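Take a walk through this structure, chain by chain. Keep the sequence at hand as you read.

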Amino acid sequence: MFYREAGQFKATYEADSAKFPIFQDKLFIWFYLVIGFVAIPLLGNEFFLGAIMIPFLVFTLAAIGLNILTGFTGQISLGSGAFMGVGAYACYKMTLAYPEVNILIFIFASGIFSAIVGVFFGLPSLRIKGFYLVVSTLAAQFFLEWAFQRIPWLYNYNNTGAIDGVSRWLFGIQITGGGADRTAQYIVCLAIVVVMTWFASNIISGRIGRSWMMIRDMDIAAELMGVRPLYAKLSAFAVSSFYCGVAGSMMVFLWLGAAEPESFDYNHSFEILFMVILGGLGSLLGCFLGAAVIWILPILIREWLPPLIDKITPWVITSSTADLVSDIIIGIMIVVFLIMEPHGLARLWAIIKQKLRVWPFPY
Amino acid sequence: MELLKQIFIEPFETMYALPDLLLQTLWEGFVSGTLYSLIALGFVLIFKASGVFNFAQGIMVVFAALCLVGIHALGVPAYLALILTLGVMALLAMSVVQFVMKPLVNQPDIILFMSTIGITFILIAGGQIIFGGEPKAMITEELGLPTGSSVLEVSGGIVIFQHIDIAAAIIAAILIAGLALFFNKTKIGRALRAVADDHQAALSVGISLEQIWVVVWFAAGVVALTAGILWAAKSDVSFALQVIALKALPVLVLGGFTSIPGAIIGGLIIGFGEKLFDLYWGVPLLGGGTESWFAFIIALLFLLYRPEGLFGEKLIERI
Amino acid sequence: MLKKLILGAAAIAVASTVQVTTSYAEDTLYIPSLSYRTGPFAGAGTPIANGFADYFNMLNARDGGIGGAKLVVGECETAYNAQKGVECYEATKGNGALAYNPYSTGITLQLIPKAPVDKIPVLSMGYGLSAAAVGEKFPWTFNYPASYWSQMSSILQYIDSQGGIKGKKIGFIYLDVGYGKEPIPLLDKLAPEMGFEWVGFPVGVKEMQNQSATWLNVRKERPDWMVAWSFGAMTPTAVKEAAKIRFPMDKFIGNWWSGAHADLEPVGEAGKGYKAANFSGVGTDFPALQDVIKHVVDAGNSQAAKDDIGKVNYNRGLFNAVIMAEAIAAAQKATGKVKITGEDMRLGLETFVLDEARLKEIGLEGFTAPIKASCKDHEGAGSIFIQQWDGSDWKRTSDLIAPMTDVVRPLLEEAAEKYVGEQTGWKTQSCG
């Protein structure tokens, strides 16, 4: 009864193929946008913004990138961490070279570099798929990590071998570097993610996106129907790496403030793949849900478990035990989720929506 | 011109000038190669029988070694600890099959792959809770493994053979031969090959999938324990060891995911290749440290020409 | 069932948006401890965190805190992961944190730009950014008792004292990350001045336990001395490989992160003769350590086992706590307040006095070299000594070796200039 589309008539084709055809969905999206842009900046403290929301947005964007490749095009990749790194290093070099140019331009431009690198390492996908492709993207991951270590030009010959988020301003507010305003950083992140999600949803429902999905569902059939695998796969790699690259430069400039090459190691690639799979392959909503579960849940366990155990039981557990326990819980959760709902959280949301629609009747 | 000389002439001059170093490099390559093969073998066993790409193989290596050292630290004699560790690995195999593999049967490959990453998380954190995160010494001597070294004199230089390396090669060879015998000559082995060929057909002639899976996961556990003991004897037992298992991936690509001989040959190629490349080309041209990616790049290039690997079945994932 | 679970998780997520900051009583001082008892480097992180916490707990039990204020150590697990480090920082800074001791170069680099903004100093004791030793450029960052460059200069002087360094070939084996690469500019600078030649042997993080190719290269290059900038599992592997190629062990020197008990115990007898730099005493023969054992360990308030007290990394964590405690006391004296803030702490870190007399007073005579804290010099010109592994324990084998300040300082200033030059609006200070 809550999600009834009854009475909402579509008079034009445009209305019928709208992003959110149902009034309730529209309401929801406006509600979340208001919460995101107004309520959270007003109410959240620095911990909530800096340690939960900004990383959540960064990982959501990276997950969207990987989902385009894995969920929509069917090419599994474990190189997303390194592609994030390419974006971060590109952004760093550009903003050092042209300090007067607005940092936002470079954050987007850094995606282009990572797209180029992504296309290059996507070439093997024309010959191989499945786990063989996983290994070849891991090759990209390790090679790029090594390059970040070994090419001093990339980190501007710093003795530490790390890059740091130099201070840059936007409309008079510092958004990167040490003294940056967390609230401003958060709003910039959110704006980028909203715009890029909207953009992604349009690509996906367009001609290119449909060709990706054809490749995913059956490549030979797609080829016979006139989809060129070369263009479809490489464009998926390019768009995917573009998103990862932007996420990477956001990670360094809007969140961490500095990064070593290890910040982009293969663990990240796995983490992002988790988000995509747990959230739901081939769903943009799933990227948000997956990133929320994989990033926020462990933090909550780490923050809340020690005081909770302290209060209700005679034992005391340390921060490190809580960390291990959160790892175990995440591990168990992954397995349980895969068993109970292999299509991810996005499918779960669809089920709930259906239940709400027919409630209180069973059908 | 200078670059060409560095690539095509100088390395061979060095090889010729220092034959003892070349021999030593080949020997080190051989030893690493056998260990890579051993880890890759663990992957192949499980992949063959259940189509699962078992990412947890790396942490199983660490976990098995930790169990052994941890049980020994309680005052249990080394050999008894070894047997108890085998028991733990059997228990692990059974619980993985019961709680993860069985409920997930018939799911797409990627889902099964992710579930093994879930297992990895549990084993890493569980291992640290039970045994603590500090590095521990492998009980090499207590297990009766040799520790000394022998020296061979070659035209003015020396080649050093560590006894533990020799033992590693022999143990690996015995284990591989034993597994080959087991899978080719015993009833369970034949059943396993039937499962690898066709799940449905195997089920229909009355082979228990569950039993086969427990057997292969246990076999992978034994391989992991062996690899753990031998590798930890070269350094120590710590969680950093699990990244070594990633080295098995290019080995798999070279040898094919389903081929046991492929894993062995692939391991040796990677072992020889990366040592020779790093010493003679990597260090002078690229500043060294090339081992972290060399194997992967070789695998990548190889993939472009022969996607099914050296010995892989032609069918798989070919476009 | 699943739906309920999801709803429950969602409810918790909503509830958590209201972040609770634990408030502490008036007369307590909050000291965050970014520990890593898990992860690949737990072997170093655990004893450090134990020593750090135990000293403060000892002060609480013996003296009732510092200046009447109880000390609260808030431990937060980072697993040596820079992102969790930032999370810990954000989570604990609101509790009135006095100073951060991240024990990871990666986390330190992220905290350096945040320190002046949040007004909480960073004390990276013997790690982090070497250039942070320049107090004028980095008012909020400290790396007592010595930077990596100072340490390398001391090690080179030690080599020089052992039969001369002129004309020798030094092999430098290092973990191929920022930490390992740090001393390279100093080696480049000193090589012509001291007349030695050096070769680098990088070891990737993923290859820490797979070093045979590196050591083949060592055999090819035949260096006279080896210096290691290693960490975690890299050290025992390197020592074992060195023993394997029969490199003379007493010509193999590790830095102060490459010479803990946890590093050499897995090697045992084979590592006999291996040397390492250190700046904090080994063993429990110091009154302060006896007090820790009496008041904390025997009372059952320590996470450390009794045999672990006095080991290299435990004592280092303890020494870090000593510096913190001295700075707190100095800050209290300077401001006249009991409950000081991060800003007062910064002042304390620039003004505390840890000379021979004071070391004796706090029961650590001969434990370490005196530190001269000042506004200008944030590394305090600390000296190091060389210790040697005898097959089962570390033994100190050299006197204190002072760094070559005249060479290191200009380099540090140059590096600090470069760092600051890349920033806009970086606040420096002038030291009068």
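Chain B is split into two domains. Domain 1 covers 55-143 + 163-237, and domain 2 covers 247-313. These bounds come from an automatic or database domain assignment. The centres of domain 1 and domain 2 of chain B, taken over C-alpha atoms, lie 24 Å apart.

A word on the source. This is a predicted model, in which local features need pLDDT of at least 70 and side-chain atom pairs count only at pLDDT 80 or more, while totals for chains, interfaces and linings use all residues. Residues are numbered from 1 along each chain as its sequence is written, and chains are lettered from A and ligands numbered from 1 in the order in which they are written.

Now turn to chain A. Its secondary structure consists of 14 helices and 4 strands. Both are DSSP runs numbered from the N terminus: helices are H or I with at least four residues, strands are E with at least two. Along the principal axes, the C-alpha trace of chain A spans about 65 × 65 × 40 Å. The radius of gyration of chain A is 21 Å, which agrees with the value near 21 Å for a compact globule of 363 residues. That radius is taken over C-alpha atoms, and the globule rule is 2.2 Å times the number of residues to the power 0.38.

How much of chain A is buried? Buried residues are 54% of its 363 residues. A residue is buried if 20 or more other C-beta atoms lie within 10 Å of its own, exposed if 12 or fewer, and partly exposed in between, with C-beta atoms placed from the backbone. Contacts need C-beta atoms, placed from the backbone, within 7 Å. Of the contacts in chain A between residues at least 6 apart in sequence, 75% join residues at least 24 apart.

One residue shows this at close range. A:F253 sits in helix α10 (residues 229-256) of chain A. A:F253 counts as buried because 31 other C-beta atoms lie within 10 Å. Beyond its neighbours within four places in sequence, A:F253 contacts A:C91, A:I103, A:I107, A:G165 and A:T176. A:I103 is 150 residues away from A:F253 in sequence, yet their C-alpha atoms are 9.1 Å apart.

For 432 residues, a compact globule would have a radius of gyration near 22 Å, and chain C agrees at 22 Å. Of those 432 residues, 63% count as buried. Among chain C contacts with a separation of 6 or more, 71% join residues 24 or more positions apart.

Methods
Contact = placed C-beta atoms within 7 Å.
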